[in-house]
Amino acid sequence: MSDVNADSWVSSGHRPMGFPEFVIVIASIMALNPLAMDMMLPALPNIGAAFDIPVANHLQLVLSTFLIGFGAGQFIMGPLSDRFGRRPVLLGGMAVYAVASVLAVAAPSFETLLLARALQGLGTSATRVIATSIVRDCYAGRRMASVMSLAMMIFIAVPVIAPSFGQAVLLVTQWRGIFVVLMLYGIIALAWSVWRLPETLPETERRSLAPADVLAAFRQTVTNRQTIGYATAAGAVMGALFAFVFSAQQIFTGIYHLGRYFPLAFAAIAAGTAVAGFLNSQLVGRLGMRVISHGALSLYAAVAGVMLLTESLGMLPLPLFMVLSALMMFSFGMMVANFTALAMEPQGHIAGTASSLYGSITTLIGIAVGTAIGQSFDGTLLPFSLGFFLSTLAALAIVLVAEKGRLFKPHHRPIV
């Protein structure tokens with residue numbers, strides 16, 4: 001397991017692609033989502049000026065509306081992919097994303113822009129669900145976690161560069177140019193997938209779309225203690241992360257007065273997640289998903305507690321906030337792939353539907369939590385710090401219930 005290119009465990013299910021190309025393709029289609037989210041951060045004031053939006057918190061809708069489309073779309077993408085295969089649903093979703101980008105470029109009003117953002121989110125819901133399902137089609141257990149970690153390392157690197165990339169676009173054109181870039185990226189990813197990505201779900205394993213069958217698969221997913229436990233816990237920790245992203249522009253420019261340099265600060269913080277993805281891919285085979293993710297969740301809770309305490313005491317200067325935020329991102333990066341793998345592990349025979357429901361649950365919980373925290377922004381970090389702390393405590397409690405009170409317990413099942 002220390003050599004992820006070892007022929008002894010690399011799946012033949014993604015031929016003609018080799019292992020490195022497979023990981024890169026999976027990461028590139030997953031990256032449509034964070035790219036569409038984080039490139040927008042430096043453009044929010046420009047969008048507000050263009051459409052005369054008087055309340056700064058309302059600009060967070062450019063982000064949250066996208067996530068609503070992303071979360072809601074996942075409910076249908078999994079069952080469709082289990083019935084018709086991974087490729088047609090993936091390619092259809094990427095086509096919707098490209099069309100929505102065109103609509104955003106031409107949007108005459110803020111409401112039209114929000115509609116385009118919801119459609120972009122809907123399109124990327126296919127990429128997220130299908131990418132996870134394809135990995136589950138080809139790998140299982142710790143091997144799946146290792147592959148997901150490598151993909152996540154690339155995928156999570158996107159938020160590191162996306163705000164700076166968005167700022168660079170704004171230096172040469174207006175905010176609509178960002179949507180042109182997103183459209184071009186989507187077209188390139190679509191062409192690569194058409195050319196190289198095979199169908200990974202055999203005809204013999206496809207499932208019916210009959211309502212009774214779909215509901216049975218949903219019921220099986222939500223009644224599995226491990227799956228629903230890690231899905232809701234992931235939603236809680238994701239809520240804190242969404243709140244950070246929603247409020248980042250206001251925090252760095254309004255509280256710490258970084259101006260157009262805030263994308264650099266955001267990149268420095270987000271780099272911790274990419275480092276975590278790489279470390280997790282190297283360690284998960286030896287230590288297991290539970291040991292790593294439970295340790296990361298404990299670190300997440302400790303960081304939340306320190307941030308709340310220091311903000312309450314008025315002792316949260318920019319350097320300390322940067323360090324704590326980087327640790328938050330690092331611990332999230334050590335959790336996310338493992339939580340996904342743990343949730344999906346019992347659902348191999350309904351991977352598409354389970355991935356769909358998992359993604360919807362985590363995203364919609366994350367949106368609800370993140371929006372509640374983000375909309376409470378009052379010019380200080382207290383609402384964020386308090387929301388971060390409470391949502392993390394909730395995640396820790398949920399994992400304890402899912403694991404019947406025992407943390408850090410490794411698997412004793414054979415690797416398959």
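**Figure 1. Glutamate 403 and its salt bridge to arginine 290.** Glutamate 403 counts as buried, since its relative accessibility is 11%. This is a predicted model, so keep that in mind for every view here. The partner of glutamate 403 is arginine 290, and their side chains meet in a salt bridge at 2.7 Å, N to O. Arginine 290 belongs to helix α12 (residues 289-312), while glutamate 403 is in the segment after α15 (382-402), so the bridge ties together parts that are 113 residues apart in sequence. Arginine 290 is buried too: its relative accessibility is 8%, and the cut-off for buried is under 20%.

Figure 2. Start with the bridge: the side chains of arginine 196 and glutamate 21 meet at 2.8 Å, N to O. This pair links distant parts of the chain, with glutamate 21 in helix α1 (residues 19-30) and arginine 196 in helix α8 (residues 176-196), 175 residues apart. Is glutamate 21 buried or exposed? With a relative accessible area of 19%, glutamate 21 is buried, because the label applies under 20%. Now turn to the ring of tryptophan 195: the charged end of arginine 196 sits over it, 5.5 Å from the ring centre.

**Figure 3. Other salt bridges.** How many salt bridges does the structure hold? The count is 5. One of them joins glutamate 203 and arginine 206, whose closest N and O atoms are 3.6 Å apart. Glutamate 203 is exposed, with 63% relative accessible area, and arginine 206 is partly exposed at 22%. Elsewhere, Asp82, Arg86 and Asp137 are linked in a salt-bridge network. As background, side chains of opposite charge can pair when their charged atoms come close.

**Figure 4. Glutamine 60 and its polar contacts.** Glutamine 60 is found in the loop between α3 (44-50) and α4 (61-84). Its relative accessible area is 3%, so glutamine 60 is buried. What does the side chain of glutamine 60 touch through a polar contact of 2.9 Å? That would be the side chain of glutamine 250. A polar atom of the glutamine 60 side chain also lies 3.1 Å from the backbone oxygen of glycine 374.

Figure 5. The aromatic pairs come to 14. One of them is phenylalanine 244 with phenylalanine 252, an edge-to-face pair with 6.4 Å centre to centre and 85 degrees between the planes. Phenylalanine 244 is buried, its relative accessible area being 0%, and phenylalanine 252 is buried with 0% as well. Zoom out and you'll find both in one aromatic cluster, made up of Phe244, Phe252, Tyr256, Phe262, Phe266, Tyr300, Phe321, Phe384 and Phe388.

**Figure 6. A nonpolar patch on the surface.** Which residues form the nonpolar patch? They are Val96, Leu103, Leu115 and Leu119, and together they have about 280 Å² of accessible area. Two helices, α5 (86-105) and α6 (110-138), each supply at least two residues of the patch. Leucine 119 sits in helix α6. Its relative accessibility is 31%, so leucine 119 counts as partly exposed.

Technical notes
Residues are numbered from 1 along each chain as its sequence is written. This is a predicted model: local features need pLDDT of at least 70, side-chain atom pairs count only at pLDDT 80 or more; totals for chains, interfaces and linings use all residues. Side-chain values use heavy atoms; hydrogens and water are left out. Patches are made of residues with over 30% relative accessible area and no salt bridge: like charges are joined within 9 Å, nonpolar side chains (Val, Leu, Ile, Met, Phe, Trp, Tyr) within 5 Å. Accessible areas come from the Shrake-Rupley method with a 1.4 Å probe; for residues, only the protein chains shown count as cover. A salt bridge is a side-chain nitrogen of Lys or Arg within 4 Å of a carboxyl oxygen of Asp or Glu. Helices (H or I, at least four residues) and strands (E, at least two) are DSSP runs, numbered from the N terminus. Buried means under 20% relative accessible area, exposed over 50%, partly exposed in between (1.4 Å probe, protein chains only). Rings of Phe, Tyr and Trp (its six-membered ring) pair if their centres lie within 6.5 Å; planes under 30 degrees apart count as stacked, over 60 as edge-to-face and the rest as tilted. A charge sits over a ring if NZ of Lys or CZ of Arg is within 6 Å of the ring centre and within 35 degrees of the ring normal. A polar contact is a pair of N or O atoms within 3.5 Å; within protein, one must be able to donate a hydrogen and the other to accept it, and residues adjacent in sequence count only if both atoms are side-chain atoms.
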